[in-house]
Amino acid sequence: MSDSLLKVDNLRTYFSTEEGVVRAVDGISFELAPGERRGVVGESGSGKSVTAMSIMRLIEPPAGEIVTGTIEFQGENLLTLGDDEMQQVRGGKIAMIFQDPMTALNPVYTIGDQLMETIILHQGVSVSEARDLAIESLEDVQIPNAEGKLTDYPHQFSGGMRQRVMIAMGLSCNPDLLIADEPTTALDVTTQAQIMDLMLKLAADRDTAVLLITHDLGVVAGFCDTIQVMYAGGIVEYGTADEIFHNPQHPYTWGLLGSMARMDEAHQERLHSIAGAPPSVIDLPIGCRFRPRCEFAIDKCSKVLPMLQPGKREGQLVACHRAAELDLKTIGVSEDRSGEVAS
Amino acid sequence: MLAYITRRLVYGLVTLLALSVIVFSLLQMTGGGPLDRLKLNPRMGPYIKQLTELWGLDQPAWRQYFTWLKNYTTIEEFGLQNVLPLLAIAGAAGVTFLLIKFVKRQSKGLVLVGIWSLALYIAIANTTIKFNWGTSFSGSGDVWDLVWSRAGATFRLGLTALFLALIIGVPLGIYQAVRQYSFFDQLGTIGAFIAFSTPIFIIGIGLQIVLALYLEKWTGVKLFYVTGMNDPGYSGMNTIERLVDTLQHLILPAVSIALISLAGYARFQRASMLEVLHSDYLRTAKAKGLPRRKVIVKHALRNAMIPIVTLVSLDLAFMIGGAIITESIFGWPGIGRLYIKAITEIDYPVVMAVVMIIGLGLIIMNIVADILYGVLDPRVRYD
Amino acid sequence: MTDPGRDTSENLAEFDETLGLAIEPVSQWDLFSSRLRRHKLAMISLIFLVFLVTVVILAPVMQSAGWIDDPTKGLIDANGRIMRNIPPRASSGDVFYVEIIDTQPVTFDASPTALVLGTDDLGRSVFTRIVFGGRASLTVGLVAGFLVASLGTVFGSLAGFYPGGIDQSLMRFTDLVLGLPLLPVAIVVGRILPEVEFLPAFIRTGPFGIALLIGFLAWGGLARIVRAEFLSLREKEFVEAARAAGAGDNRIVFRHILPNAMSAIIVQTTLIIGAAIVIEAALSFLGFGVKPPTPTWGAMVSQGGRQAVRGFWWEMVFSGMALVSTVLAINFLGDGLRDALDPTQTIERK
């Protein structure tokens, strides 16, 4: 698949801590096509943010280190790029939006300063041109009175407005890939949907691929073409959004779907929850990492780590020994998934 | 903002009054009086009673206090040498008005602080003013003249020490943070701990003995002087000789005051820089594709250096204490040594004058630090 | 697992155990002590300080056992001459001191440690005086530390727990105390203290007076820290929960807030103890601290400094070393405690 935009192969990112080596990302591989909208779903600590930070090469040694693997972006291995070339990629070809807009902007510089800094850096334009472009990008994210807002400081903005600024900053240089790490988690529910709509519309306009990282299935449901589910540093299931929602094949995905609250129907049954907590990624169990929490586990599961393999349906990948025999039905997932907002 | 400054000034005034009451009452508790020493001199005998009445020492303590307070705040002489003071104040007021009215940027605060400092400096330099601070009990003459003749020496020492501590301590802490866990960082941390734990008088005497006395004894070169501010033959020297002579006298006492503060600044700056280096907005700056140098210089330094402003203002009280000790070790003719001499002799007009100056200095510096903090950090609001 | 009830969690615990996955409960104390033990410098400092406190407490016992001498008496040699400024050496046995018993001078053998660190300008054993000097320093440190901890905690917690008028007036008062320039005021007190006739003698000339003075001047910083802790803890969920459960103010303060503010108080008090020792030494150095002939490290450095100029370096060097190493140990310990007590500390490579 040489036409893929991003190709991650056997990526392992480890952190050394006092307690031991944390295998935050442990051998994941995936590909992303140009313009594709991919949801990366998992509990906290599943390695989804570390995956994003690894792609941006923002893992700081000596604490964290990309141990093995390749990250090919437009045919080039990012891990072998020099610092200067990597700086061209960051912000220029791959932009990133972070979880907490309250702390992601530098408090002592104005919005205008910070926007124009990016634009000048990657587009090599003059200050006055950069200013025009900054105003334009603020208008794109529907910030009223964009010109006047340039001299405002981040603390004068609400959380939602700041995240709009972050989106403006991320998209101002027309990147080919936008990584959004839980972009709406810190916002209140009413703004979440607006921000997601805005971000994905702008990305679609620019034909920018999106890697949307979230623990919230409701968010990916409405916005993503494909979904990969991560658990304890590995990918356990991959498929189109439809397939994942209607025919989950991994017990973990099934559990996640069960624990999703829905607003469009009465709760006839209790919300299903996955028992236990994710394992510490320091002492990973031998065999399947989900085994201790899995109600379908068999002997083999405690001995052999299941690989990601084609599942029962076309294009779907799943890492479960019993994927072929299990018939996991989702409870009450209706056909209409647009614009839903879940807990 | 103006309301905030006014309120702070009022609190400061209350603190100053409390300070004066406390120190004055303490001085009243001594068994003897300020004239005890004079009484030892048989020739002073006939004058003791006269002096007691003249200085009001026969009055009850509370009356003595109010007399002191009244005199202390009374202006004895006041005159403008020319119109510059009025012009400077009026100009500063005008610029303030224009800036507040028409400029939106936060940095106008920095401009204002600068303009007002300059205006006040011009105003003070072109004004003759003298308060009625009384006469020294131990025969050192008029207290106002006495104190201000010594203040220059203390300013010279204190400002040099502050300058040294800042230009060495802050970059040291930043460098340590950027190279966290490196050998240099660990060496710096241990060094800062040792300097931080060494009392100032040990540093002072140590420097004096090793770098001034023994160095001269062993090498025959006189690099530093042990005592005083200038050589007796200072007036006959040319400019270069004067500069060298001044530095030879200044460096050791300034370093002994600076060293502990320097260690404190380095430790504080390291911690504050580390916090910024791990902040979300620095990650944003990196994710934008900024080069590492620019990330540190533009996005980290400014944020990391804001808190040091507060530390410096808090440290000033400590430096004043350090100056008192250092001045008595190095025979530096500043107000610290004057204070020690006056307190030994219970020369209370001098003691009170010096204590009040120190108290006032601390209050003003704290207010200035708060304002500067607000200017540097746009998030701070005064209310 | 259709019934997420009792048996599920039991099953899970079994799973976890068989896999070695079970999370063993670690008590707060275990966590604290293991963290402190990892901090090697803090451990060495702790051992040093325990040793120092023991020696200092036992100083009179050591004196009567003949291990050290009387700190106020000069040593004489076989010819009856006072042994001034003798450099450090092993005692040869010909060292004596004189005591007046029933108006008759009686000569005693000095202890074997009499000359190990030399003698001062009056012929007194530097080693003995350092041991006794430690009494003054540690008394001042501990008494002032205790005073600061109590005053700071009381003022800070009252201000932090009762917002409004109480907070305002207490904090105004705290600001006022903080606004006093510490050393200049301490010098005034130190100067007049011996002459204040209504005070008992041990306060007028001994380390207690200096300790009280430092304690009463230095609690402001801690009060502010405690208040800030209380303000933030008061809004925490677990306090809300306790309040919702009907806990009274007393219970909330003593069971829920104070224990959580404790680490800040302990760390700050440790640092205050070090600072108090330094301030006492500075006051004694300037001659406004503990009065002679009681030995203190500050006064010894001052006195020794004058001798060092003449080449007799030992009194200053050894008393200075005693002072610096004690303060250094306290600061290292404070740093170690801070690391060990901070529950928000993240796992980070050391």
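What percentage of the 383 residues in chain B is buried? The legends below start with that, and the model they describe is predicted.

**View 1. Chain B as a whole, with its 14 helices and 2 strands.** Buried residues account for 36% of the 383 residues in this chain. Among contacts in chain B with a separation of 6 or more, 75% link residues 24 or more positions apart.

**View 2. Helix α11 of chain B and its surroundings.** Welcome to residues 280-287: since 7 of the 8 residues of α11(B) are buried, this helix is largely enclosed by the rest of the structure. To find the buried ones, look for B:Tyr281, B:Leu282, B:Arg283, B:Thr284, B:Ala285, B:Lys286 and B:Ala287. They pack against two helices of chain B, α10 (239-277) and α12 (292-330). Chain A joins in as well, through β6 (94-97) and α3 (101-104). Following α11(B) comes B:Gly289, with a positive phi near 100°.

**View 3. The contact between chains C and B.** Here 35 residues of chain C meet 38 residues of chain B. On the side of chain C that touches chain B, at least two residues each come from α6 (165-179), α7 (182-192), α12 (249-286), α13 (297-309) and α14 (314-341) of chain C. The most come from α7(C), which gives 9 residues.

**View 4. Residue types on the side of chain C that touches chain B.** If you sort the residues here by type, you will find 26 nonpolar, 5 polar and 4 charged.

Note on methods:
Residues numbered from 1 in each chain as written. Chains lettered and ligands numbered in written order. Predicted model: local features only at pLDDT ≥ 70, side-chain atom pairs only at ≥ 80, totals over all residues. Contact = placed C-beta atoms within 7 Å. Helix = DSSP H or I, 4+ residues; strand = E, 2+ residues; numbered from the N terminus. Nonpolar A, V, L, I, M, F, W, Y, C, P; charged D, E, K, R; others polar. Buried ≥ 20, exposed ≤ 12 C-beta atoms within 10 Å, placed from the backbone.
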